[in-house]
Amino acid sequence: MKKSTFAIWRESYSMDKKWVHKQTDGAVPEGLHDNPHVAKLLFQRGIKTREEAEKFFHPGLDQLHDPFLMKDMDKAVERLQRAITGKERICVYGDYDVDGITAVALVYTFLEKIMADTDDLGFFVPDRYLDGYGLSKRGVDYAHENKVSLMIVLDCGIKANEEVLYAKEKGIDVIVCDHHFAEGEIPKAYAVLDPKREDCPYPYKDLSGCGVGLKLVWAYASRSGMDLRQHVYPLLDLTAMSIASDIVPILGENRILSYFGLMIINTIPRPGVSTLLKLAKIKDYNPARNHNQPSPLARGSKTRRRVFDREITNNDLVFSLGPRINAAGRVQDGKNAVRLLLCKDMASACEMANLIDDNNKNRKDLDQKATEDAREIIKAADKDTDKATTIVFKESWNQGIIGIVASRLIETHYRPTIVFTTTANGSKDTLVGSARSVKNFNIYDAIASCGHLLEHYGGHKYAAGLTIKRENLRKFEEAFEKAVKERLDGMVPRQEIEIDDTLRFEEINQELVNIIKSFAPFGPHNLSPVFTSTHVKVANKSKDTPGSRVVGNNHLKLLLFQPESRSEPLDGIAFQQGEADEETRNGHSFDICYHLEENTFNGKTSIQLNVQDIHFPSRGN
C-alpha cells in the first residue's frame, strides 16, 4: 500500500527539526552594542538604543508603570480601603493553577498584615471538578455563607458576567483582577482590573493574573503611604513564580518583576518555596537560617548571598515549583498549595510540601500511564493513514492530567491533539477534552467550526477545553479532522527551532557567555539565545577517549572543533540524542544549534555548548 504524505513525514523527520533563522525588521542600529552578536540579540527583542539596552541589562523597579494607569484602579483601591476601614469580611478568590494560587497567596499575605482582625479575611480556590474554571456560584455561596461583602477575584472573572451578577444579588461586591481577553461585555463588577480591556490605557498588556493582583496591592500601599519595601517588594517572589508558570512574555514589566522576584527566591525564600526546592533535589546551604530576615530589596539591606548550591532560575520555577503547585489542584485541593505558600515556619511548610509532593508523584504516575495508553491507541489506529490530527479517549484517565497528556503526545506526534475522558462527576454520557496545538495552528478556531457538536468549549490559539456528548464523539472526530486539513491546506507541520545567530568557535569566550547570562530571566519573547555553528567535527582526546560518547540516560557527550576556526575544542552535551553518536564519529562535518552556558564539574567551571539539535548533510536537512 502506498504511504501517505503524513506517514512519510513521520518516518523521515521523526528525529529532525526545521531550523528557522529569526529575521530582524530592518538593520541593527549602529552603536547599539560593541559586540555585533549582542547588538543583534538586543534588536531582536525590540531594543533599539543604548539607553534601552542599559535599562534591559540593569532592570529597576522604578522602570515599572504607575498602577493607577490601569482602568478602574481608583475604584478598586477606594472599595478595598472602605472594606478594611469598615472591618468588612473579604474573600480572596483565585484560579487553581500556579498563576491563580500565587495571586491568592500574594493578596492574602498583603491584607493579613494590614487588617485589624484576620478573622475577617479568607480565601477560596475553586475545585477543578466541582466548580470548573473561573468564578463559580459555589464560590459565591461560600462567600455569602461566611458573611463576605467583598470578593477579590484573581486570574479569572473577566467572562464571569452571570456569576458577578449572582454575587451582587447576594450583597457581595466583586473586584476582578484578570489578564485574559473579555471577548464580549465586561462583567458588571464594582471594579474590573484587566490590562487587556479594550478601554484600559495601561501601557503593558502582558501581566500575569498575579501581576494584576500585585498592581492592586501596590496601588493600595502607595495611596495609603505604606513603605513599599516592607509591604510590597517581598511579594515579588510570588509574582515571578506566576510569570514563569503562566508562560507570559518575559520582556518589559514581566522581566523586571521576574528579575527581582528571583533575587528574593535566591536570597531569602519563603519556607514553602524552600521546602519545594528541597524536594526537587536543590540543596540549601543553610536550612536553619532565619526566614524572617529583611528582604534583599529592603532599604539598607545587605542580604545578597545566595542560599542554594546553585542559582535558582526561571527553569526551576517552570519545571520544579510549577508542576508541584499545579498538582495540588489537579489531584487533590488547590487550597493546600495556597496554605503552603502562606506558611511562616519550616515545620508546617515541610508537612504541607510533602503532601503536595505526594500529589505531584501521583500526578506523574497518572499522566505517565495515560500517555503510554494513548501512544498505544495511536499506534494501533495510525497505520497507513494520512490523519492530520490526534484524538484519543479512555474512560479511566484522570480529568486533571489530560492536558499534560495532550502536550506529551505532540512531542512524538506533532499534530493538533485532543485527549478525552469521562467527566469527574462519574457521568459516562458526557466527555471532557483538552486540546493542544502545534506552532502557528489555531486549534481554537478549528474546534469552534465544530461547535454544533459540542456542549461547551473555550480557550485560545494553542490550548482549549471542551465537553461533548459521548454519542457525538465519532462525528466530532471526522469534522475536526476535516477542519484541520482544510486549514493546513497541504502544509505538513514540522517542529521548529528558532535560531538567533551564527557564531564561529573563535568568537565564543567567557565575556560573551557572561553577557548572554545577563539577558536572563529567560522565557517567552526572551528565550535563551540559540546559536548555530557550521562544519564542526568531533575532536578525539586520544585513541581510547573518543570525542563523542553516550553517557547517562541516552545523552551525547561531545568534544567539538571547527576546522576553519582558530579556537580550542569546546565541550558539548546533547541531551536525549545518543542515537546520533555513530554519525558524529564518522569523520564528516555537521552543523549544530545550541545554547551557550557554563558547566561546573569538580570545582572547575568551563564553557559548554548545550546542543539542541544536529543536522547531518547525509540527511539532506
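## Exercises on a predicted model

The buried residues of helix H2 (residues 36–44) are His 37, Val 38, Ala 39, Leu 41, Leu 42 and Phe 43. Buried means under 20% relative accessible area, with exposed over 50% and partly exposed in between (1.4 Å probe, protein chains only). Helices (H or I, at least four residues) and strands (E, at least two) are DSSP runs, numbered from the N terminus.

This is a predicted model: local features need pLDDT of at least 70, side-chain atom pairs count only at pLDDT 80 or more, and totals for chains, interfaces and linings use all residues. Residues are numbered from 1 along each chain as its sequence is written, and side-chain values use heavy atoms, leaving out hydrogens and water.

**Exercise 1.** Find what covers the buried residues of H2, then inspect the helix ends.

*Step 1.* The cover includes helix H3 (50–57), strand E13 (501–502), helix H19 (510–517) and strand E14 (531–538).
*Step 2.* Asn 35 caps the N-terminal end of H2. One of its side-chain oxygens lies 2.8 Å from the backbone nitrogen of His 37.
*Step 3.* Just after H2, Gly 46 has a positive phi of about 85°.

**Exercise 2.** Describe how H13 and H15 pack.

*Step 1.* The axes of H13 (residues 314–331) and H15 (residues 346–381) come within 8 Å and cross at roughly 80°. Axes are lines fitted to C-alpha atoms, for helices over the stretch in contact, and angles run from 0 to 180 degrees between N-to-C directions.
*Step 2.* H13 is therefore roughly perpendicular to H15 (under 35 degrees is roughly parallel, over 145 roughly antiparallel, 65 to 115 roughly perpendicular, the rest oblique).
*Step 3.* H13 brings Pro 323, Arg 324, Ala 327, Ala 328, Arg 330 and Val 331 to the contact. H15 brings Ile 356, Asp 357, Asn 359, Asn 360, Asn 362 and Arg 363. Contact means heavy atoms within 4.5 Å.

**Exercise 3.** Is Glu 253 buried or exposed, and what does Glu 253 touch?

*Step 1.* Glu 253 sits in helix H11 (residues 253–267).
*Step 2.* Its relative accessible area is 2%, so Glu 253 is buried.
*Step 3.* Not counting residues up to four places away in sequence, Glu 253 touches Leu 64, His 65, Tyr 202, Tyr 204, Leu 207 and Lys 215.

**Exercise 4.** How many disulfides does the model have?

*Step 1.* A disulfide is a pair of cysteine sulfur atoms within 2.5 Å.
*Step 2.* The closest cysteine sulfur to that of Cys 200 is in Cys 177, 12 Å away, too far for a bond.
*Step 3.* For Cys 210, the nearest cysteine sulfur, that of Cys 177, is 10 Å away.
*Step 4.* The count is zero.

Methods: A polar contact is a pair of N or O atoms within 3.5 Å; within protein, one must be able to donate a hydrogen and the other to accept it, and residues adjacent in sequence count only if both atoms are side-chain atoms.
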